[in-house]
Amino acid sequence: QVQLVESGGGLVQTGGSLRLSCAASGRSFSSSAMAWSRQAPGKEREFVAAITRSGSNIYYADSVKGRFTISRDNAKNTVALQMNSLKPEDTAVYYCAAGVGPYLSGYTSRRTYNSWGQGTQVTVSS
């Protein structure tokens with residue numbers, strides 16, 4: 001329903017900042033809840049942040065609270081993840097996801113989301 005392309009990944013030093021962007025294509029974007037997740041090599045995919053379609057409610061994993069900020073601009077069909085105070089533990093491929101509903105499983109559940117991007121690599125050097 002929604003096509004997603006992530007960008008903005010790269011190499012950054014510990015304590016640095018990086019801003020990821022997700023460009024969406026499709027008429028259902030403004031009706032979709034959006035989320036970011038990440039996956040490190042050999043690890044399971046981990047929920048990072050989510051935002052409801054109006055931006056009224058936002059959710060974060062405990063590991064990124066106070067450091068990451070998710071936002072969306074429905075007029076531009078974009079979702080961003082501002083990452084500050086980065087740590088080596090944040091190294092992973094970051095994925096953008098969209099869900100058109102229903103949201104019965106909650107916004108932090110992967111089963112909520114129907115579309116996924118290809119991912120962008122974030123590497124934090126120690």
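Visitor: Is tyrosine 113 buried or exposed?
Guide: Buried means under 20% relative accessible area, exposed over 50%, and partly exposed in between, with a 1.4 Å probe and protein chains only. Tyrosine 113 has a relative accessibility of 6%, so it counts as buried.

Visitor: What kind of model is this, and how are its residues numbered?
Guide: This is a predicted model, in which local features need pLDDT of at least 70, side-chain atom pairs count only at pLDDT 80 or more, and totals for chains, interfaces and linings use all residues. Side-chain values use heavy atoms, with hydrogens and water left out, and residues are numbered along each chain as its sequence is written, from 1.

Visitor: How many aromatic pairs does the structure hold, and of which kind is the pair of tyrosine 113 and tryptophan 116?
Guide: Rings of Phe, Tyr and Trp (its six-membered ring) pair if their centres lie within 6.5 Å; planes under 30 degrees apart count as stacked, over 60 as edge-to-face and the rest as tilted. The structure holds 3 aromatic pairs. For tyrosine 113 and tryptophan 116 the ring centres are 6.4 Å apart and the planes stand at 75 degrees, so this pair is edge-to-face.

Visitor: Which residue has its charged end over the ring of tyrosine 95?
Guide: A charge sits over a ring if NZ of Lys or CZ of Arg is within 6 Å of the ring centre and within 35 degrees of the ring normal. Over tyrosine 95, at 4.0 Å from the ring centre, sits the charged end of arginine 45.

Visitor: Which residue of β8 stands opposite cysteine 22?
Guide: Strands (E, at least two residues) are DSSP runs, numbered from the N terminus, and two of them pair if DSSP finds at least two bridges between them. Strand β3 (residues 18–25) has Cys22 on its covered face, along with Leu18, Leu20 and Ala24. β3 pairs with strand β8 (residues 78–83) in the antiparallel sense over 6 bridges. The residue of β8 opposite cysteine 22 is valine 79.

Visitor: What is the phi of asparagine 77?
Guide: Most residues other than glycine have a negative phi. Asparagine 77 is found in the loop between β7 (68–73) and β8, and is partly exposed at a relative accessible area of 24%. Its phi is positive, near 55 degrees.

Visitor: Which residue does a cis peptide bond join to glycine 101?
Guide: Most peptide bonds are trans. Here omega is about 0 degrees, and the residue joined to glycine 101 is proline 102.

Methods. Helix = DSSP H or I, 4+ residues; strand = E, 2+ residues; numbered from the N terminus.
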